[in-house]
Amino acid sequence: MKIIKIKTLSIIFGLLIAISTNLIAQKNTEKAGKFELITLPYSSDALEPVISKTTIELHHGKHLRGYVNNLNKAISGTDFENLDLEEIVKKSNGGMFNNAGQTLNHNLYFTQFAPKSGGSPSGKLADAINSKWGSFEAFKEDFTKQGAGLFGSGWVWLAKDANDNLSIQLEANGSNPVVKGLKPILGFDLWEHAYYLDYQNKRVDHMNELWNIINWKVVENRFVK
Ligand code: MN
């Protein structure tokens, strides 16, 4: 009899914990808003020495978190709450546009890397790059040169149109090629917060190193989808 009572009590106690944990989780979800900070598909020190742990922690944990939080605040209680991220970037302006654009940009940016990767693309993406630039090396040179020439903060993207034609797109500040009806395939963040701690003002050195951590499988999937 005593054993049954203890068992019953422990079941009730367990249920209470489960219910309260669930309530806390629900509350946190509501607080977090529609969009959540993406989880990195690698540890924060995995991209060293190309991108340091300190830069990753600051860039993802502080900068991107700030953009996501500001975006959630900006859309709260508006019709934009019902749109997906790309639609918000296409249709918004001002502060909402800046934060939505930077959330989209960084979600694409952080998920295109992997430790000990790099090399060159294969398959249809490789064919498309070769037919446009002649070689992968020529593409990299053009991409890096255009990125180096961007004045101030922004991004350089490899993008494709509806017919799979590739182009290099420079975007100022938090913009993204989706505003031009293009699909972003690969993007380098040219804001100083992306490289200053590791490379100081040497943007080109940073860009040249980034090729060593590109996960081409991810980029190829973006191209064929
Ligand atoms: Mn950034």
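## How helices α2 and α4 pack

Helix α2 (residues 53–75) and helix α4 (residues 94–110) have axes that come within 8 Å and cross at roughly 140 degrees. That angle makes α2 oblique to α4; angles under 35 degrees count as roughly parallel, over 145 as roughly antiparallel, 65 to 115 as roughly perpendicular and the rest as oblique. Axes here are lines fitted to C-alpha atoms, for helices over the stretch in contact, with angles running from 0 to 180 degrees between N-to-C directions. This is a predicted model, in which local features need pLDDT of at least 70 and side-chain atom pairs count only at pLDDT 80 or more, while totals for chains, interfaces and linings use all residues. Residues are numbered from 1 along each chain as its sequence is written, and side-chain values use heavy atoms, with hydrogens and water left out.

On the α2 side, the residues that meet α4 include I56, H59, L64, Y67 and L71; their partners in α4 include M96, A100, T103, H106 and F110. Contact means heavy atoms within 4.5 Å. By class, the contact of α2 with α4 has eleven nonpolar, nine polar and no charged residues (Ala, Val, Leu, Ile, Met, Phe, Trp, Tyr, Cys and Pro count as nonpolar, Asp, Glu, Lys and Arg as charged, and the others, Gly among them, as polar).

## The manganese site

H59 and H106 turn up again at the metal. The manganese ion is coordinated by H59 (NE2), H106 (NE2), D189 (OD) and H193 (NE2), at 2.0 to 2.1 Å. Donors are N, O and S atoms within 2.8 Å of the metal (3.2 Å for Na, K and Ca), and water is not among the atoms, so sites may look incomplete.

Along the chain, the donors follow the spacing H-x46-H-x82-D-x3-H. Distant parts of the chain are linked here: H59 lies in helix α2 and H193 in the loop between β3 (183–189) and α7 (196–199), 134 residues apart. Both H59 and H193 are buried (under 20% relative accessible area, with exposed over 50% and partly exposed in between, using a 1.4 Å probe and protein chains only).

## Helices α5 and α9

K124, L125 and A128 in α5 meet W216, V219, E220, F223 and V224 in α9. This contact has six nonpolar, no polar and two charged residues.

N221 also sits in α9 (residues 216–224) and is partly exposed, at a relative accessible area of 41%. N221 and L125 are 96 residues apart in sequence, yet 8.9 Å apart in space, C-alpha to C-alpha.

## Overall fold and backbone details

The protein has nine helices and three strands, in the order α-α-α-α-α-α-β-β-β-α-α-α along the sequence. Helices (H or I, at least four residues) and strands (E, at least two) are DSSP runs, numbered from the N terminus. Of the 225 residues, 43% are buried.

Most residues other than glycine have a negative phi, and most peptide bonds are trans. A cis peptide bond joins E48 and P49, with omega about 5 degrees; P49 is in the loop between α1 (2–32) and α2. D164, in the loop between β1 (154–160) and β2 (166–172), has a positive phi of about 65 degrees. N173, in the loop between β2 and β3, has a positive phi of about 55 degrees.
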